[in-house]
Structure formats: structure tokens, C-alpha cells
Amino acid sequence: KYLAVAGQKGEVQIWQVVENLDPELVTTSTDEKVWIDSLAWHPTARVLAFTVNRQIKIWDLDSQKIITTLDFADSSVFNLAWHPQGKLLAASGHGGVKVWQSDNWIRQPYRLQVPGASLDCAWSVDGQYLGSGNLDRTLTLLHWDHPPSWLMQGFPGKVSQVTWSPNQNQPLLAAACQEGITLWQYAQNQWQSHILQHEQTIKAIAFAPHSSILATAGDDNYLQLWQGKKLIQSLTEVANGYSCLAWHPRGKYLAAGGQNGELIIWQQSLAGKGFG
């Protein structure tokens, strides 16, 4: 019911979104004077985490106050990810991923160390696994509370994005690197992988809610839908590449942004096969 917006101005705006009504600006935080480019809502509470240089601010919407400030210290924070139950908050940056406990913010965070820097981090839907895409061409996977972590190597470039499928029974992680997406699945006591390919750099990846369908968008003007290894649909509605994408919470719609400012929304067909 709320939308958080931030950017170069250093403001965080909270808008209340009510169906069939124009969004209403609820409050604005103007304490910061630097670019704010990472926001993350708590999954069950009206609490927002956002980054300010090397710090993370935790903002309670009900009191409209910053309830705590976390110091990443090693670098600017590149990405934030709440645990699905909201009990942990992970942050990517130089040296790895730091994980704080939301019921005890002052406790020292757990540190998942990686070579170089963690560019993106994500929890599996059941909260058992934490993935980190790294600058030094590696992927780190941790079974929470069961260290040590796995380190996947051999990527041709930095691993810029990671995302998990919503299937709790078979954890599936997609990792974007240059023109390829590697799918990792844990089976027979080991991680197995296969590669999906674009012609140019991948800009965004996301699994559909309640489905194993993966959407991938890139500089090559293609937004592709994959079911496992199989390409099931290609959508080409932009002239200069895609920049982002997002699924409707029930998977009925798929939205994507183009690098020329386009916004395209596709609707799932009545037969449930493909988007148009």
C-alpha cells in the first residue's frame, strides 16, 4: 500500500497507493544530501531500509523516524535484501555481504566474505540460502547457519545480478553476467548449472511469482521468457535495449522499461500461454 522513491536529490518520499485514487504523498525524509539509490521494504512491517553512502538507515513509517543507523564501513552499499521473514537484513559491498539481526541491531553483523566486492545479494524464498554476485567474476552461495559457503568461479565477467525462483522445494538461482544467465540448482548434494544466452549485456532478470518462468532483458532489444533451459517467448518492443523489468505480484502482467524511456506492460493470455 506504500511506494518508496529516492534518487540524486537525497530525499526519500513515501506515497500511499489506494486503488482507483491518485497516490498521496505521506512523508518526505530530507536529512540526506547525497544520492540514495537502494531501497528495501521489510516484508511484513512498515519499515524501510535505504542506503546513504556507507550507512544503512532503518526508517519506521508509523513513527516517521529513523530507528537505527547501520555502518557498513568498508564501502558504499550496493544492494539491500531482507530475509523473507524479516528477521535479517543483508547488505552488499566491498569485502562481501554483512547481515544484521532485526531484533538486535546493535549486535555485530555476520559477514559473508567474498573476494573483491559483492555487487548484489538475494535470499532464497525459504530463507535458507543467501547468494552473492561478485565483482571478481565469482558467485558465492551460503546455506544459512551451515557454513562454509560455496564459491562458483569461471564467469567471463562480474556477476551483476542474482535472483531466486519462488519454488521452495527446489532452490533455483539465476545469476547474470555479461550476455549470459547461469541457472544454479542444488541436486544430488551438489550445485549444477546451465547457461541461457542473450546477444548483448543483460540488464535485468526476475522470476515470475509462483512460477519457475524467468524473464531476462538486455541491450539486444530482447526480453526473453524461459522455462528451465527452454526459451518460450521473445518480446521486442524497444529500439535501444531494455533497462529494467518487474512482475505483477500474481504474475498476470509483466512490465519493462526501455533505455529511451519507454514503459511497456504485457498481459498474460487468457489461455495462460505467453504474454501479449
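Visitor: How many residues lie between E20 and E21 in their hairpin, and which residue in the turn has a positive phi?
Guide: In this predicted model, two residues separate E20 and E21 in the hairpin, and Gly228 in the turn has a positive phi of about 65°.

Visitor: How do you know that E20 and E21 pair?
Guide: Pairing requires at least two bridges between two strands. Five bridges join E20 to E21 (residues 230-235), and the two strands run antiparallel.

Visitor: Which strand pairs with E20 over five bridges, and in which sense?
Guide: Strand E19 (residues 213-218) pairs with E20 in the antiparallel sense over five bridges. Ala215 stands opposite Leu225 in E20. The hairpin of E19 and E20 has four residues between the strands, and Asn221 takes a positive phi near 75° there.

Visitor: What makes E20 a mostly covered strand?
Guide: A residue is called buried when its relative accessible area is under 20%. In E20 (residues 223-227), four of the five residues are buried, and the strand is described as mostly covered.

Visitor: How do you know that E16 pairs with E15, and what stands opposite Leu172?
Guide: E15 (residues 172-177) and E16 (residues 180-187) run antiparallel and are joined by six bridges. Since the rule asks for at least two bridges, these strands count as paired. Gln185 in E16 stands opposite Leu172. Two residues lie between the strands of this hairpin, where Gln178 takes a positive phi near 50°.

Visitor: How many bridges link E16 and E17, and which residue is the bridge partner of Tyr186?
Guide: E16 and E17 (residues 190-197) pair over eight bridges in the antiparallel sense. Trp191 in E17 is the bridge partner of Tyr186. In the hairpin of E16 and E17, which has two residues between the strands, Gln188 takes a positive phi near 55°.

Visitor: What holds paired strands of a sheet together in general?
Guide: Strands of a sheet pair through backbone hydrogen bonds, either parallel or antiparallel.

Visitor: What makes E4 and E7 edge strands?
Guide: E4 and E7 belong to an open sheet of four strands in the order E4-E5-E6-E7, with antiparallel pairing. Each of E4 and E7 (65-71) pairs on one side only, and this is what makes them edge strands. From one strand to the next, the twist of this sheet averages 20°. Trp41 stands opposite Leu48 in E5.

Visitor: How do you know whether Cys121 and Cys177 are buried or exposed?
Guide: The cut-off for buried is a relative accessible area under 20%. Cys121 has 3% and is buried. Cys177 has 5% and is buried.

Visitor: How much space lies in the largest pocket, and which residues are closest to its centre?
Guide: About 1,900 Å³ of space lies in the largest pocket. Of the 41 residues that line it, the closest to its centre are Leu80, Val162, Thr163, Ile205 and Ala206.

Visitor: Which strand gives the most to the lining of the largest pocket, and how does the lining divide by residue type?
Guide: E10 gives the most, with five residues. Among the strands that each supply at least two residues are E8 (79-82), E14 (161-164) and E18 (202-207). The lining divides into 29 nonpolar, ten polar and two charged residues.

Definitions and conventions
Residues numbered from 1 in each chain as written. Predicted model: local features only at pLDDT ≥ 70, side-chain atom pairs only at ≥ 80, totals over all residues. Heavy atoms only, no water. 1 Å grid on protein atoms, 1.4 Å probe; cavity = no way out; pocket = protein on both sides within 12 Å on 5 of 7 lines; lining within 4 Å. Points joined across faces, edges and corners; volume = space filled by probe spheres on them. Nonpolar A, V, L, I, M, F, W, Y, C, P; charged D, E, K, R; others polar. Axes fitted to C-alpha atoms, helices over the stretch in contact; angles between N-to-C directions. Buried < 20%, exposed > 50% of the residue type's maximum accessible area, 1.4 Å probe, protein only.
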